[in-house]
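Please look through the sequence and the structure before reading the points below.

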Amino acid sequence: MRLEWWKYLGIAILLYTLLFGMLVPLGPGIVEASPSQTNTGPGREFEVWGYNTRFSQFEKLNVVLKLDDNHCVLAREYQVISDYRLKAIFDLPALPEGARSSEFATLIIYPAGTGTAILPSAVSMKEGYGDSSGAWVPESQFAFDRNTSLHFPYRNILMESIRNTYFHVALWFAMMFILGASMVYSIRYLRSGLLDWDLKANAYAQVGILIGCLGITTGMIWAANTWGKAWSWDIKQTMAAVAMLIYLAYFVLRSSIEDQEKRARTGAAYNIFAFATLIPLLYVVPRLVDSLHPGSGGNPAMGGEDLDNTMRLVFYPAIIGWTLLGTWVAQLTFRYLKILYLMRSRNLTEQ
Amino acid sequence: MTQIWSLIRKDWMIEWRLKYALSGLLLYLITLVFVIVISFQQISGPVWNVLYWILFLFVGMNAVLKSYQQESGQRKYYFQQLIDPVTLLISKTLYNIVLLFLAALLIYLLLSVFIESPVQHYALFLGTVAAVSVSFGICLTFISIVANQAAESATLAVIIGFPVLLPVLITGVRMSAFTIGMSMGGEIEGDFTILFAIDLLLLGLSLWLFPFLWKD
């Protein structure tokens, strides 16, 4: 009886990913502040819409506009309309020296719910006319508490779909591990000449492509909701499709060679070659070109602000969970392929 | 070294004596250029750039993918007795690189006869063409060897060749876009480095893997 604990571990981790990833709420956030353009001067009024916020629960809110660490301004007064809506009036001081003609300010509200609500580049400020009694104060005057409870970060546009990180991104990582395993089995086949290794390489490649298709599908659903189109020929999308084509070519190659031994040898050689071309395809070329994906074209990369510590608690286990599940499926596929192979060779000898 | 040289010479002699291969290539090229010139009339810089590389892709595949076919059958057993597989692979790759480079130059000349070429930095363009030829040569030689293991080798070569060549092709399009004065962001030196790294990786792999495909 072999130890099969890792299968249970994989399932447990995936259950944990589903539960934790779906149930933990998002932190408070700001959907919109209006108007989004203003001139400096006294009595500028803004209306703010929040998400997952509890404005009416707190006696005193700090509504702050922030240009940089040394230039913040607190609202003169504010009026809470509902938990998700408030109006704030600022006395905006003149732009600091050395500022550009218009500066983007971040809107910060604390406490807003289970933490601080932030909207980057909320308001674009231009130099206005009229004196103001307001003054810039450094950010250190306010005690913004960024994490008061368990929640995923709120990001505009992404919103609740940020949970897809545990599926789309984690699946893609798992695919790389599974395809890597397939390549390792191909190397072992070339070294030893045992047909089992080749069957394993084939099984792992099949499962890797299955996971890749799932990764692309979840990515397309995500893109449809955030970028507006499921497929926009983003460089990483294109490259992912090409990567799938490379592996489909691997299956075509295998099926077009009759001789078992020759098929195994050619397949193994192509598999190693294909995995090697996958690395520039997925990790080098996309970095050169503008992309909608995080990590290029000025978008923040994974591990930046988009992946906070609470998300790490789910994201890393999710990668392990998907990889373990993929390994399990690949083992089953391998056994199936082996039975097929044995049956075929027995039929041949009987004839 | 002398072995490599004589193998390359042998390839060239066969190609030269069987005139149909070379003249077929030339005819193919001229036809393609004609079709492009007639159907486009006016070609802007970016379109020229893309068309150039598509031409190169098709002509290159045509030129190289058949290169290993003559090495199958009887002659293969003869070679297996005589030479080291690594020597054969190096000679094939070198021959194909030179062939591709010449084809690329020919495409450029033919195109610029009919259409004013938008290239501004000739040295850079030449470097780009040379670098991409090297990558294509390495890739296509290996692909033609792999595809030759199967019965339907011509179709298979195209199927497995396209996706593998795509990263190189995209880098090539980017690099020559620099030379016609379009900025794609970033530095062209970075692209050269990437192509060089891909070349090294693929060359190492094909040198390592070819002996496995070679023995029957």
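The points that follow are grouped by topic.

The model described here is predicted. Two of its chains, chain A and chain B, touch each other through 26 residues of chain A and 29 residues of chain B. The briefing treats this interface, then the cysteines, then some backbone features of chain A, and finally one leucine of chain B.

**The interface between chain A and chain B**

- About 2600 Å² of area is buried between chain A and chain B, and carbon and sulfur atoms account for 83% of that area.
- Salt bridges across the interface of chain A and chain B number zero, while two residue pairs are in polar contact between these chains.
- On the side of chain A that touches chain B, the elements giving two or more residues are α2 (168-192), α4 (235-255) and α5 (260-288) of chain A.
- Of these, α5(A) supplies the largest share, with 14 residues.
- Sorted by class, the side of chain A that touches chain B consists of 21 nonpolar, three polar and two charged residues.

**Cysteines**

- Over all chains, the search of the whole structure finds zero disulfides.
- C213(A) has a relative accessible area of 39%, so this cysteine counts as partly exposed.
- C139(B) has a relative accessible area of 0%, and therefore counts as buried.

**Cis peptide bonds in chain A**

- Most peptide bonds are trans, and most residues other than glycine have a negative phi. The next points describe exceptions to these two patterns.
- S34(A) and P35(A) are joined by a cis peptide bond, with omega about 0 degrees.
- P35(A) lies in the loop between β1 (29-34) and β2 (37-39) of chain A.
- A cis peptide bond also runs from Y110(A) to P111(A), where omega is near -10 degrees.
- P111(A) is placed in the loop between β8 (102-110) and β9 (117-126) of chain A.

**Positive phi angles in chain A**

- S121(A) is a residue other than glycine, yet its phi is positive, near 50 degrees.
- This serine, S121(A), belongs to strand β9 of chain A.
- With a relative accessible area of 46%, S121(A) falls between the limits of 20% and 50%, which means that the residue is partly exposed.
- W233(A) is not a glycine either, and its phi is positive at about 50 degrees.
- The loop between α3 (195-226) and α4 of chain A contains W233(A).
- W233(A) counts as exposed because its relative accessibility is 64%, and the cut-off for exposed is over 50%.

- Where in chain B is L65(B) found? The residue is part of helix α3 (residues 45-65) of chain B.
- Is L65(B) buried or exposed? L65(B) is buried, because its relative accessible area is 12% and buried means under 20%.
- Which residues does L65(B) contact, leaving aside its neighbours within four places in sequence? The contacts are with L140(B), I143(B), S144(B), A157(B) and V158(B).
- L65(B) and S91(B) are separated by 26 residues in sequence, and their C-alpha atoms are 15 Å apart in space.

Note on methods:
Residues are numbered from 1 along each chain as its sequence is written. Chains are lettered from A and ligands numbered from 1 in the order in which they are written. This is a predicted model: local features need pLDDT of at least 70, side-chain atom pairs count only at pLDDT 80 or more; totals for chains, interfaces and linings use all residues. Side-chain values use heavy atoms; hydrogens and water are left out. Contact means heavy atoms within 4.5 Å. Buried area is the accessible area (1.4 Å probe) that two parts lose on being put together, summed over both. A salt bridge is a side-chain nitrogen of Lys or Arg within 4 Å of a carboxyl oxygen of Asp or Glu. A polar contact is a pair of N or O atoms within 3.5 Å; within protein, one must be able to donate a hydrogen and the other to accept it, and residues adjacent in sequence count only if both atoms are side-chain atoms. Helices (H or I, at least four residues) and strands (E, at least two) are DSSP runs, numbered from the N terminus. Ala, Val, Leu, Ile, Met, Phe, Trp, Tyr, Cys and Pro count as nonpolar, Asp, Glu, Lys and Arg as charged, and the others, Gly among them, as polar. A disulfide is a pair of cysteine sulfur atoms within 2.5 Å. Buried means under 20% relative accessible area, exposed over 50%, partly exposed in between (1.4 Å probe, protein chains only).
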